[in-house]
Amino acid sequence: MAGLAINLWPRWLRISIVGAATAATIGGGWFAYRYFAKPVVLTVAAGSTDGEALALISAISARLTASNSHVRLKVSDAGTSAQAAELLAAHRVDLAVVRGDTGGLADARSVLLLTHGVVLIMTPSVASADSLGDLRNTTVGIIGGAINQPAVEALKQVYQVSFQDVAINDASAALASGKVHALLAVVPLTEKYLAKVRQFFQQERAKGSAPKLIEIESAGAVANVAQYYESYDIPKGTLRGAPPVPSDDLTSLRVSYFLVANKTVSADAITDLTQSLVDAKRDLLSQFPILGQAAAPSTDADALIPIHPGAATYYNGNQQSFLDRYDDKLYYGSLLLGSLISILVAAWRFARSGTGPESMLEPLYELGNEIRNAKSEAELEDIEKRIDDILKNELARNAGENADSAEMAALGLAAHRLQYLMSHRRMLVRSTVASRQ
């Protein structure tokens with residue numbers, strides 16, 4: 001009865017309902033697709049006194065966007081490595097570029113080792129000192145200020161040397177005036193940074209003196225005190241090739257620069273990001289030679305900054321295939337698709353119902369019950385008249401080239417069936433009437 005009531009609804013109402021339902025389904029599917037397919041955006045803080053960290057991360061971010069990477073970076077200028085670490089610890093950013101000796105990295109997990117900063121202690125070549133211990137009664141100027149204070153504090157644990165902050169622009173003058181007798185800087189060993197280091201000695205070169213590197217002979221002891229540093233041998237000729245400066249491999253310290261993520265960031269997102277970073281490294285190497293030093297961070301359990309599980313998955317080659325990662329989603333998606341198809345088929349039938357004269361096969365079948373329950377020939381004659389009217393209307397509806405042959409065949413079979421029931425019921429009614437008389 002509910003089906004018959006629905007069929008009485010106007011055609012325009014049924015079409016409107018189906019149209020609205022279809023639009024809602026398509027809209028919901030589109031928004032679901034947009035939700036799952038949209039890129040994951042992670043905020044990264046970067047900063048350095050020379051602006052190189054921000055420029056590098058900005059270039060990487062632009063490259064990820066241009067390559068349609070699933071993970072994108074939103075860059076935030078933190079000013080310094082320390083401030084970037086503070087933003088990460090406060091959960092205001094997802095990633096940060098930090099130096100290994102920066103504090104507040106308890107929740108940080110390494111994603112990529114970007115480069116190493118080497119401790120360079122420089123003095124004019126005319127100076128008699130060859131090692132840091134020889135500078136006991138002198139003052140060493142610290143270039144970089146607060147960012148290099150951890151290095152200074154580590155050195156003070158082993159050496160009795162005085163240190164004083166020196167602005168980058170004042171370094172050359174301070175050295176020439178004797179205000180300081182050596183300069184300390186922590187820089188990556190790339191030509192770009194080494195060229196800046198040489199500029200500190202412009203006035204000394206005018207006097208015929210070239211820069212000289214001072215050895216940190218107890219670098220191993222310093223590294224034991226401050227474990228974010230490691231002993232490192234500066235290769236011969238690093239600062240100058242002819243004559244080479246240093247003249248032989250020179251012991252010093254180095255500290256690592258990392259791209260780190262908060263440990264709460266999704267492992268899947270970091271796995272995708274790590275892969276994209278490795279791809280971007282190849283594309284940006286000519287523009288940023290410093291990326292030639294980029295590598296996988298340590299996966300050791302006692303690493304200075306533990307590796308993020310998502311990054312470890314990529315470096316260890318344990319990435320899941322597309323089917324493995326999205327197996328459940330594909331399974332439930334197929335079920336949902338099947339349900340949507342069934343709904344659309346039902347909606348089509350619903351919209352089509354009542355669009356034209358309906359088949360009277362169902363009413364014919366229902367008349368079979370009335371024939372079986374008829375008590376008199378008068379009832380049977382009334383039913384027979386109704387059957388004739390139905391057949392007449394159906395024949396008129398299916399006349400011409402648009403006739404549905406399958407429906408006409410079914411209609412013929414139904415008519416024969418009703419004729420048989422009618423004859424049989426007449427015999428029973430007549431025999432019942434005769435027996436009563």
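Good morning. Let me begin with Arg430, which is partly exposed, with a relative accessible area of 48%. Please keep in mind throughout that we are looking at a predicted model.

What does the side chain of Arg430 meet in a salt bridge? Its partner is Glu377, with 2.9 Å from N to O. Glu377 lies in helix α15, which covers residues 377-397, while Arg430 lies in helix α16, residues 405-436, so this pair ties together parts that are 53 residues apart in sequence. Glu377 is also partly exposed, at 28% relative accessible area.

Side chains of opposite charge can pair when their charged atoms come close.

How many salt bridges does a search of the whole structure find? The search finds 14. Let me present two further examples.

One joins Glu52 and Lys192, whose closest N and O atoms are 2.6 Å apart. Glu52 belongs to helix α3 (residues 52-66) and Lys192 to helix α7 (residues 191-199), so the bridge ties together parts that are 140 residues apart in sequence. Is Glu52 buried or exposed? With a relative accessible area of 18%, Glu52 is buried, because the word buried applies under 20%. Lys192, on the other hand, counts as partly exposed, at 46%.

Helix α3 also contributes Arg63, which meets Asp283 of helix α10 (residues 267-284); the pair therefore ties together parts that are 220 residues apart in sequence.

I turn now to the aromatic rings. Across the whole structure, the search finds 2 aromatic pairs. Tyr228 and Tyr229 make an edge-to-face pair, 5.0 Å centre to centre, with 65° between the planes. Within this pair, Tyr228 is partly exposed at 30% relative accessible area, whereas Tyr229 counts as buried at 4%. Tyr314 and Tyr315 have ring centres 5.6 Å apart and planes at 70°, so this pair is edge-to-face too; planes over 60 degrees apart count as such. Tyr315 is partly exposed, with a relative accessible area of 23%.

Finally, a charged side chain may sit over a ring. Which residue lies over the face of Tyr193? That residue is Lys196, at 5.3 Å from the ring centre.

Thank you for your attention.

Notes. Residues numbered from 1 in each chain as written. Predicted model: local features only at pLDDT ≥ 70, side-chain atom pairs only at ≥ 80, totals over all residues. Heavy atoms only, no water. Phe/Tyr/Trp six-rings, centres within 6.5 Å; stacked < 30°, edge-to-face > 60°. Buried < 20%, exposed > 50% of the residue type's maximum accessible area, 1.4 Å probe, protein only. Lys NZ or Arg CZ within 6 Å of the ring centre and 35° of its normal. Salt bridge = Lys/Arg side-chain N within 4 Å of Asp/Glu carboxyl O. Helix = DSSP H or I, 4+ residues; strand = E, 2+ residues; numbered from the N terminus.
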